[in-house]
Structure formats: structure tokens, C-alpha cells
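User: I'd like to learn how to read helix packing, surface patches and salt bridges in a model. Can you take me through them one by one?

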Amino acid sequence: MIQLLFPLLMIQMAFIITLSFANPIRKLVVKGLDLLKQGKSPLVTKTVAATMLVVFGSTIYTITKIQKRSSETGIVNPTDEVLLAQRILEASLMGFSLFLGLVIDRQHYYIREIALLRKNLETVQKLKQNQEQQKRRGSEETEKTKVN
């Protein structure tokens, strides 16, 4: 399990770094995330996240069981010590992976919102320019009629 979590974390960190800075790859990643959030993909993503959360909870339970067993006997068994270290590493990697997944989701949401706001701002600016041009034309026409 640990061998799968390390590459997953590296990929997630690469996504976060890519989304953090404006670059050409960011547009591609955002489009990919947009496609990922369409259709049945959100259901699959939520199912995988829920499964990881259940495994994370199970690992935490195992950690507490090992710690309880060690505290009851008063002697630290070397096997339990190795299992505890492995389970703690596994739980921390899973928790961190779930957290990074949430960070990626929020970054994607905010990037889309900012792009939408910029698009709306540009539209409003164009409308203001058109109104100003119409006012100028109207004032020029009234001046022409006054002169005549």
C-alpha cells in the first residue's frame, strides 16, 4: 500500500504546484479536471475517497490497538514496534493524500471562479465602452443639429 501512496502524493503535489502558478500547463490541467468532474467521474472519485477514508480509519484503529496492547503489557514487542511504525506511515500518507485531494479540488474551484469573474468583468467593460460611444455619438449629433 505504501508503494502506491508515495507516487500518488508526488502526482498530487505536482498538480498543486501546476495549479498554483499561471503557466500553459495550468490551462491543460484545469481542462482535464473539468472533464474529470463531468459524467460518472465524480461518483468514482467519491467512492475511491470514501474507501481510502475507511482504510484510513481502520489503520488508525489498528494503531490504537497496538498501542493499547503495548501499554497493557508494559513491554514493547519488536514486532509490534515495526507494525506500529508501518501503520503510522501508512495512515499519515493516506491522510495527507486525502488532504491534498481536497486542496486540488478547492484550487480548481477557485481558478474556475476567477476565470468566470474575469470574463464577466471584460463583458461589463465592453458594455460600458459601447454605452460611452453611443453617448458620444448622441452628443455629436445634437451638436450638429444645433449648428445647423
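User: At what angle do the axes of helix 1 and helix 2 cross?

Analyst: Note that this is a predicted model. Two packed helices are described by the angle between their axes and by the distance between those axes. Here helix 1 (residues 2-20) and helix 2 (residues 24-36) cross at roughly 120°. Their axes come within 8 Å. The crossing is left-handed.

User: Which residues of helix 1 and helix 2 meet?

Analyst: Helix 1 brings Phe15, Thr18, Leu19 and Ser20. Helix 2 brings Ile25, Arg26, Val29, Val30 and Leu33. By type, the contact has 6 nonpolar, 2 polar and 1 charged residues.

User: Which residues form the nonpolar patch on the surface?

Analyst: Phe6, Met10, Met13, Leu89, Phe96 and Phe99 form it. Together they have about 550 Å² of accessible area. Helix 1 and helix 4 (78-147) each supply at least two of the patch residues. Met10, for one, is found in helix 1.

User: Now salt bridges. How many does the count come to?

Analyst: Side chains of opposite charge can pair when their charged atoms come close. The count here comes to 6 salt bridges. One of them joins Lys37 and Asp105, with the closest N and O atoms 2.5 Å apart. This pair links distant parts of the chain, 68 residues apart. Lys37 lies in the loop between helix 2 and helix 3 (41-73), and Asp105 in helix 4.

Conventions. Residues numbered from 1 in each chain as written. Predicted model: local features only at pLDDT ≥ 70, side-chain atom pairs only at ≥ 80, totals over all residues. Heavy atoms only, no water. Axes fitted to C-alpha atoms, helices over the stretch in contact; angles between N-to-C directions. Helix = DSSP H or I, 4+ residues; strand = E, 2+ residues; numbered from the N terminus. Left-handed = near helix turned anticlockwise from the far one by under 90°. Contact = heavy atoms within 4.5 Å. Nonpolar A, V, L, I, M, F, W, Y, C, P; charged D, E, K, R; others polar. Patch = residues over 30% accessible without salt bridge, like charges linked within 9 Å, V, L, I, M, F, W, Y side chains within 5 Å. Areas by Shrake-Rupley, 256 points an atom, 1.4 Å probe, with all protein chains shown as cover. Salt bridge = Lys/Arg side-chain N within 4 Å of Asp/Glu carboxyl O.
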